[in-house]
Amino acid sequence: GSSHTISATSTAASTGSEGIHGVRYIFKGWSDGGADSHSIVAAPDSTITARFTTQYQFAVFNPPAAQGSISLNLPSPDGYYDSGTPVQVTATAASGFVFTGWGGDLGGTRNPQTLVVDEQRAVRATFARTALPLVVVNAATFQGGAVSPGELVTIFGSDIGPASLVGLVLDASGRVANSLASTQVLFDGIP
């Protein structure tokens with residue numbers, strides 16, 4: 001038989017959706033056990049096979065760090081995983097934010113979730129600001145504590161009133177109204 005040199009290298013194959021590379025084939029070896037590049041003597045009816053492992057890219061589109069982050073329980077140094085690898089994906093909200101859902105190849109709000117890398121994958125997480133707690137204080141002293149009937153109060157918090165500033169309004173009896181720009185304040189259900 002004749003002598004030949006055979007060689008193989010790992011290759012990246014395609015660019016997929018959202019600009020990620022998608023898939024690559026990693027050379028694992030020759031069926032005859034030879035090195036990546038080696039000489040063979042071709043015999044009649046002989047076959048030597050190159051073995052490759054398919055790897056897919058798993059892209060993580062992290063939100064701004066101030067909102068939160070996405071972590072993978074099986075980190076990869078370059079974002080590629082062998083086909084069939086299960087990867088647990090966890091969203092972690094930063095202080096002042098709450099996780100609201102997944103995008104990309106995951107959906108819903110269950111957290112964490114596991115995704116099998118059997119094709120190129122991409123995930124996103126969304127977060128929303130948490131509402132600040134309401135704080136009621138005496139309007140003159142800004143001291144907290146019990147509220148007495150007829151006492152003027154100031155209420156601090158987020159998303160508790162009209163979007164724009166509205167001035168003081170008196171009701172028909174000359175008292176400060178308990179409803180302002182469609183926002184009503186009740187104490188123990190009493191206006």
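Please keep in mind that the model is predicted.

I begin with arginine 24, which lies in strand S3, residues 23-30. Is this residue buried or exposed? Its relative accessible area is 18%, and because buried means under 20%, arginine 24 counts as buried. Two polar contacts involve its side chain. One, of 2.6 Å, is with the side chain of aspartate 78; another, of 2.8 Å, is with the side chain of glutamine 55.

I turn now to the ring pairs. How many aromatic pairs does a search of the whole structure find? The search finds 5. Consider phenylalanine 58 and tyrosine 81: their ring centres are 6.0 Å apart and their planes stand at 70°, so this pair is edge-to-face. The two residues are 23 apart in the chain, and the pair links distant parts of it: phenylalanine 58 belongs to strand S5, residues 50-61, and tyrosine 81 to strand S7, residues 80-82. Phenylalanine 58 is buried, with a relative accessible area of 4%, and tyrosine 81 is also buried, at 5%.

Finally, there is a cluster to point out on the model. Phe27, Trp30 and Phe52 are linked into it by ring pairs.

Key
Residues numbered from 1 in each chain as written. Predicted model: local features only at pLDDT ≥ 70, side-chain atom pairs only at ≥ 80, totals over all residues. Heavy atoms only, no water. Helix = DSSP H or I, 4+ residues; strand = E, 2+ residues; numbered from the N terminus. Buried < 20%, exposed > 50% of the residue type's maximum accessible area, 1.4 Å probe, protein only. Polar contact = N/O pair within 3.5 Å; in protein donor to acceptor, adjacent residues only side chain to side chain. Phe/Tyr/Trp six-rings, centres within 6.5 Å; stacked < 30°, edge-to-face > 60°.
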